[in-house]
Amino acid sequence: MSDATASARPAATVELDAGDLPAFCPNRRMTVWNQHPRVFLDVAHTGSARCPYCGTEYRLKPGVVVKGH
C-alpha cells in the first residue's frame, strides 16, 4: 500500500468512559498486526487526543467527568 493510500484512509475514533483511563494506543481492541509502540494519551485535560503513530482519535464520551487524573 502506498503512503498516499494509507493517508487517504480515515483514522478511527474511540470514545472513552472515565473507567477507560488512562488512555493508550494501541488499545485492547486493535488487532495484533496493527500494533505500534504503546503511547499514553492525555484526554483528561482537552477531552480528546490523537495517536502520533496511527492517527486514531481518542475522546471522552459526552458528559463524562474525569476526577483525579
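I take two strands as paired if DSSP finds at least two bridges between them. Strands (E, at least two residues) and helices (H or I, at least four) are DSSP runs, numbered from the N terminus.

The model is predicted, so I kept to its rules: local features need pLDDT of at least 70, side-chain atom pairs count only at pLDDT 80 or more, and totals for chains, interfaces and linings use all residues. Residues are numbered from 1 along each chain as its sequence is written, and side-chain values use heavy atoms, with hydrogens and water left out.

I found three strands in an open sheet, in the order 1-5-4, with mixed pairing. Strand 1 and strand 4 stand at the edges with a single partner strand each, so one side of each has no neighbour in the sheet. The twist averages 15 degrees from one strand to the next; for such angles, axes are lines fitted to C-alpha atoms (for helices over the stretch in contact), and angles run from 0 to 180 degrees between N-to-C directions.

Entry on the pairings. I looked up strand 1 (residues 13-16), which runs parallel to strand 5 (residues 57-60) and is joined to it by four bridges. V14 has Y58 as its bridge partner in strand 5. Strand 4 (residues 48-50) pairs with strand 5 in the antiparallel sense over three bridges. I noted that R50 has E57 as its bridge partner and that S48 stands opposite R59.

Entry on the hairpin. Six residues lie between strand 4 and strand 5, and G55 takes a positive phi near 85 degrees.
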